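Please look at the model shown here and follow the report below alongside it.

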Amino acid sequence: MAGVGLYDKQAEVYLSARPKYPREWFSMLSALTPHHSLAWDAGTGNGQAAIDVAEFYDEVVATDVSEPQISLSMPHPKVKYIHTPPSMSDDELIAMFGGEGLVDLVTVASAVHWFDLPRFYSVVKRLLRKPGGIIAVWSYRHFTIDGAPPSLELTMRRFIESALPFCNQGISYVINEYKTLPFPFESVGLGSKGEPLMLEMKQEASFEVCLGVIKSWSVISSAKEQGMDLLNEGVVKELETAWGGTDVIRTLNYKTFMLVGKVANQE
């Protein structure tokens, strides 16, 4: 259901570099569901969101089309990781959860923009518990750097502009902060179609960590496949100099957006 292979080549750097989602988000979502038996984390990657969902739900099924990502998933006694190739049918997906109407929460962290949305949403509507089940999808744009000197801001802006031509189609939803993302669910008061809930996420980072975050972006591998090394030695050196050196710690600020909903009219 997700974009196949987009993060296969970056699975290890993705695991080590991506920021951690705030616990408060999962507590907030948990408070919206009367039952806490079963959750589905779709496009789980290495399980970054799934293990947080597991703090509030008895069982979490975490799926991804990427075998390399699943192979690096973080073990948790309440999380079951499953590789779900695009060839898997909707009925096979639903059978993994024991049938229709049994899932209390569906989460998609920084991935739904890659999905076959009509197919995914159709499966979600079949799986969610009615009444009471909800779906939450979120993502974030590239980071800004708190208190960055003008030279660093300029260098980062130039780098991002150089990467834009290599972005995959799904990134347009991210650039537009999910305001244009199709979302056929009824609002529960935390963002709705066209009006996402805006959140903030911060990460303390050295230059090495910052570089790892950039390396984990899908656009880096997309550009390489087209013969362009966006992070060649010269670019990395320019970024490091603008950062202020390897010993400097800075705060990365991610503008995050979330849509949360339930099946309309309990269809």
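In helix H9 the residues Phe207, Cys210 and Leu211 meet Val236, Leu239, Glu240 and Trp243 of helix H11, where contact means heavy atoms within 4.5 Å, and where helices (H or I, at least four residues) and strands (E, at least two) are DSSP runs numbered from the N terminus. This is a predicted model, in which local features need pLDDT of at least 70 and side-chain atom pairs count only at pLDDT 80 or more, while totals for chains, interfaces and linings use all residues. Residues are numbered from 1 along each chain as its sequence is written, and side-chain values use heavy atoms, with hydrogens and water left out.

By class, the contact of H9 with H11 has 6 nonpolar, no polar and 1 charged residues; here Ala, Val, Leu, Ile, Met, Phe, Trp, Tyr, Cys and Pro count as nonpolar, Asp, Glu, Lys and Arg as charged, and the others, Gly among them, as polar. The axes of H9 (residues 207–215) and H11 come within 11 Å and cross at roughly 135°, the axes being lines fitted to C-alpha atoms, for helices over the stretch in contact, with angles that run from 0 to 180 degrees between N-to-C directions. H9 and H11 are therefore oblique to each other, since angles under 35 degrees count as roughly parallel, over 145 as roughly antiparallel, 65 to 115 as roughly perpendicular and the rest as oblique. The crossing of H9 past H11 is right-handed; a crossing is left-handed if the near helix is turned anticlockwise from the far one by less than a right angle, and right-handed if clockwise.

How do the axes of helix H7 and helix H11 cross? The axes of H7 (residues 150–163) and H11 (residues 233–243) come within 8 Å and cross at roughly 155°, and the two helices are therefore roughly antiparallel. H7 passes H11 in a left-handed crossing. On the H7 side the contact is made by Ser151, Leu152, Thr155, Met156, Arg158 and Phe159, and on the H11 side by Val235, Glu238, Leu239, Ala242 and Trp243. Sorted by class, this contact of H7 with H11 has 7 nonpolar, 2 polar and 2 charged residues.

A second topic is the aromatic rings. Rings of Phe, Tyr and Trp (its six-membered ring) pair if their centres lie within 6.5 Å, and planes under 30 degrees apart count as stacked, over 60 as edge-to-face and the rest as tilted. By this rule the count comes to 17 aromatic pairs. The rings of Phe115 and Phe120 have centres 4.8 Å apart and planes at 80°, so this pair is edge-to-face, whereas the rings of Phe120 and Tyr121, with centres 5.8 Å apart and planes at 45°, form a tilted pair. Ring pairs link Trp40, Phe97, Phe115, Phe120, Tyr121, Phe183 and Phe185 into a cluster.

The table gives the accessibility of some residues, where buried means under 20% relative accessible area, exposed over 50% and partly exposed in between (1.4 Å probe, protein chains only).

| Residue | Relative accessible area | Class |
|---|---|---|
| Phe115 | 9% | buried |
| Phe120 | 0% | buried |
| Tyr121 | 4% | buried |
| Lys80 | 47% | partly exposed |
| Glu208 | 66% | exposed |

Lys80 lies in strand E3 (residues 79–83) and, leaving aside its neighbours within four places in sequence, is in contact with Val60, Val61 and Ala62. The C-alpha atoms of Lys80 and Glu238 are separated by 43 Å. Glu208 belongs to helix H9, and its C-alpha atom is separated by 41 Å from that of Leu127, 81 residues apart along the chain.
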